[in-house]
Amino acid sequence: MRKNSKVTQREHTSEHVTESVADLLAHEAPLDYKNSSLNVGGVPGKKIVLEPPENDGRPAWNSKLQYILAQVGFSVGLGNVWRFPYLCQKNGGGAYLVPYFILLVLIGVPLFFLELAVGQKIRRGSIGVWNYVCPQLGGIGVSSLMVCGFVGLYYNVIIGWSIFYFFQSFQYPLPWAECPIRRNGSLAIVEPECEKSSATTYFWYRQTLNTTSTIADSGGLNVKMTLSLLVAWIIVCLAVIRGIASSGKVMYFSSLFPYVVLFCFLVRGLLLKGAVDGIAHMFTPKLEKMLEPQVWREAATQVFFALGLGFGGVIAFSSYNKIDNNCHFDAVLVSFINFVTSILATLVVFAVLGFKANLMNEKCVMENGEKILGYLNSNVLSHDLIPPHVNFSQLSTVDYAEIYAVIKTVKEGSFAELSLDPCVLEDELNKSVQGTGLAFIAFTEAMTHFPASPFWSVMFFFMLINLGLGSMIGTMTGITTPVLDTYKVQKELFTVCCCIIAFFCGLLFVQRSGNYFVTMFDDYSAGLPLTVVVILENVSVAWIYGTKRFMQDLEDMLGFRPHAFYFYMWKYVSPCCLIVLITATVIEMAISPPGYNAWVEELAQERFQSYPPWALAMCFSLIVVAMLPLPVVFIARYFNLMSDGSNKLSVSYRKSMMKDISNLEEVDEARSILGKNPGETPSPKPPSQAYLGPPGTNPLENPNSLLTTLSAAALPKTPQPPPSPTE
């Protein structure tokens, strides 16, 4: 018998020792009285066996690969193809990778590991997890669910845009390859709006979105985008409706196919003229950028969203794992894959942008060469200024740069009147293209110059659909899993109802002004609320539940103790980094005027416009609604106005508890043989004390695991009889 066992303690001390189902659920070896020398009348060889918590009827992943692909599909999304390359271009190229990688190690991996661990340990969705870790902060799970709802509404609209472009790609030439021709009788002219911008820009703003000039002018529903949104929600519903059994199989394709396309695009892109210029521009570090706080803030934000922290999808996926799954390995692997994917996508983007920049630069040289030739013919410029080797019919960028420098030097006083552009390749590469503009304008324009352009267009937009689908499955799982764990509802019916409601709410985004609402939700519905959610997750585990106890739980669960690095990250570094991030976000929101880039039809350009008062109120309402559950649940539970959630255990959790109660009866029977009364066990601690260690004990010496404490809190109290005279 072990020296620190409960029976030994009771024989050597007069203090009452807490023994409950919690002791059985802690990963301690059960006392095998029936095989001991004190066994009287017992059945030899019959052992007390606790079935592991994962055998509780809860759905499980078919394989580890399926689970990893699901996590990768959720974390790797459209942001890896859109936002990361844009931030890399904007913030110093290769220099941006340094702060990003540092913050990935300090914030990303530790917090990703934390979410995986609590989901796997408690085996519930985000609402159930934070209800039991700290009931007063149970609003964390509800806020996660609210943010998932907001993000899912507009994220699926982007998938709808991709679906529209996907079906438009089955044409040759591509419909955005040339500007449309307007005919007026026998006169044919190029569409003025298209001529002022470009064919791809015109197709995006006018033929796809048919956008209005202000957010106040809704313009009515865009029928094409409405149908595309309906198709997107049908696909998502079919992928999620049967739970992880079906969505996991979908992940085999939706998670792996984008890598096939990215590698194909990378190989094809490297063969394009100017691709090397784009990649060289990417890896040329602007080291002075690393000293700017804005670069670090944007790198932290990107790390934060790249791994899907705070959405609840990570917790939901990990809750279907076996209790002894090595979630530390999963955290490091998925984070590494996410980082490599961002680098791969950035290589592809910069190769394509390098190709596009060369095309635009050559176009600039040709147009300005014609201007110079006109000035020469009208004697505005002297032929002596032109080097004899220059051939205007095949004017190269090098020759033009030489001519430009000579004319600028000679005509210094009147040079501005000539309206000549420098046509520098670096200037074209520095033109940053963000978000939707990158996928639906820059990429589509580059693909019009590819051989077999419809094939590459179909592949590209099919890749975007798969990237978006993987993230949407994780987002929807972050909504459905907590609700299904907390309330007894039919999964299929609930999923269908969610998709139907989301579709009708999403009609806001398929108006002609819908693109502006997508920008609004992207800016305000997720950023600040998610940051607050994650820092509260960190604090509730590291400071309320206790980092030492959590490390002990991980050792019991994984079979090894995680490195002390995680202890200091969870306890000090990550909370400090998140507080700085929240402060910087609030300051930026206060300094930057709230607004959006509106497409002005007359100018054929985007212009920044401030939100009207009603839209500004809507922006801040998104933040308030997403964060409102946090104070509401805290106040309600602080004043005992609502249950702490312990009476809403999932069916699978209850099955596990019933098995443990049965095993407890066997242990009490064995104790009665030893002369101990089974009823003398004190009642477990109330739920309000679930995160406190036993008085006067060291958590490391006598740990109560997370699952132990929560399970004990869920059992009904039993009256404690007075001690017997013999004691």
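Colleague: To begin with the strands, in which sense do strand 1 and strand 2 pair, and over how many bridges?

Modeller: This is a predicted model. In it, strand 1, residues 181-184, pairs with strand 2, residues 187-190, in the antiparallel sense, and the pairing runs over four bridges.

Colleague: What do the two strands form together, and how many residues are between them?

Modeller: They form a hairpin, with two residues between the strands. Gly185 is in the turn, where it has a positive phi of about 70°.

Colleague: Which residues in strand 2 are opposite Arg183 and Asn184?

Modeller: The bridge partner of Arg183 is Ala188, and Asn184 stands opposite Leu187.

Colleague: What about Arg182: with which residue does it form a salt bridge?

Modeller: Its partner is Glu191, and the closest N and O atoms of the two are 2.7 Å apart. Arg182 is partly exposed, at a relative accessible area of 40%, whereas Glu191 is buried, at 14%.

Colleague: Let us go to the loop between helix 8 and strand 1. Which peptide bond is cis there, the one joining Tyr172 to what?

Modeller: The cis peptide bond joins Tyr172 and Pro173, with omega at about -5°. Pro173 lies in that loop between helix 8 and strand 1. Pro175 is found in the loop as well; helix 8 covers residues 139-168.

Colleague: Is Pro175 buried, partly exposed or exposed?

Modeller: Pro175 counts as partly exposed, because its relative accessibility is 22% and the buried class ends under 20%.

Colleague: How far apart are Pro175 and Tyr165 in space?

Modeller: Their C-alpha atoms are 9.8 Å apart, and in sequence the two residues are ten apart.

Colleague: Back to salt bridges. How many does a search of the whole structure find?

Modeller: The search finds eight salt bridges. One of them is between the side chains of Lys90 and Glu298, at 2.9 Å from N to O. Lys90 lies in helix 5, residues 83-90, and Glu298 in helix 14, residues 293-306, so this pair ties together parts that are 208 residues apart in sequence.

Colleague: Are those two residues buried or exposed?

Modeller: Lys90 counts as partly exposed, at 32% relative accessibility. Glu298 counts as buried, at 6%.

Colleague: Why can such side chains pair at all?

Modeller: Side chains of opposite charge can pair when their charged atoms come close.

Colleague: And Lys273, what is its partner?

Modeller: Lys273 forms a salt bridge with Glu362, and their closest N and O atoms are 2.5 Å apart. Lys273 lies in the loop between helix 12 (244-270) and helix 13 (275-283), and Glu362 lies in helix 16 (residues 327-377), so the pair ties together parts that are 89 residues apart in sequence. Lys273 is exposed, with a relative accessible area of 56%, while Glu362 is partly exposed, with 33%.

Colleague: Which residues do salt bridges with shared partners join into one network?

Modeller: Glu193, Arg206 and Glu601 are joined in that way.

Colleague: Where does helix 23 bend, and by how much?

Modeller: The bend is at Gly546 and amounts to about 100°. Helix 23 is also mostly covered, as 25 of its 32 residues are buried. Just after the helix comes Gly559, which takes a positive phi of about 90°.

Colleague: Which residues have a positive phi although they are not glycine?

Modeller: Asn210 is one of them, with a phi of about 50°. Asn210 is in the loop between helix 10 (199-208) and helix 11, and it is partly exposed, with a relative accessible area of 28%. Ala452 is another, with a phi of about 55°, and it is found in the loop between helix 19 (436-447) and helix 20 (453-486).

Colleague: Finally, the surface. Which residues form a nonpolar patch?

Modeller: The patch is formed by Val223, Leu227, Leu230, Ile234 and Leu238, which together have about 470 Å² of accessible area. Leu230 lies in helix 11, residues 223-240, and is partly exposed, with a relative accessible area of 33%.

Colleague: Why might residues spaced along a helix point the same way?

Modeller: An α-helix has 3.6 residues a turn, so residues three or four places apart point the same way.

How values were computed
Residues are numbered from 1 along each chain as its sequence is written. This is a predicted model: local features need pLDDT of at least 70, side-chain atom pairs count only at pLDDT 80 or more; totals for chains, interfaces and linings use all residues. Side-chain values use heavy atoms; hydrogens and water are left out. The bend at a residue is the angle between axes fitted to the seven residues ending there and the seven starting there. Buried means under 20% relative accessible area, exposed over 50%, partly exposed in between (1.4 Å probe, protein chains only). Two strands pair if DSSP finds at least two bridges between them. Patches are made of residues with over 30% relative accessible area and no salt bridge: like charges are joined within 9 Å, nonpolar side chains (Val, Leu, Ile, Met, Phe, Trp, Tyr) within 5 Å. Accessible areas come from the Shrake-Rupley method with a 1.4 Å probe; for residues, only the protein chains shown count as cover. A salt bridge is a side-chain nitrogen of Lys or Arg within 4 Å of a carboxyl oxygen of Asp or Glu.
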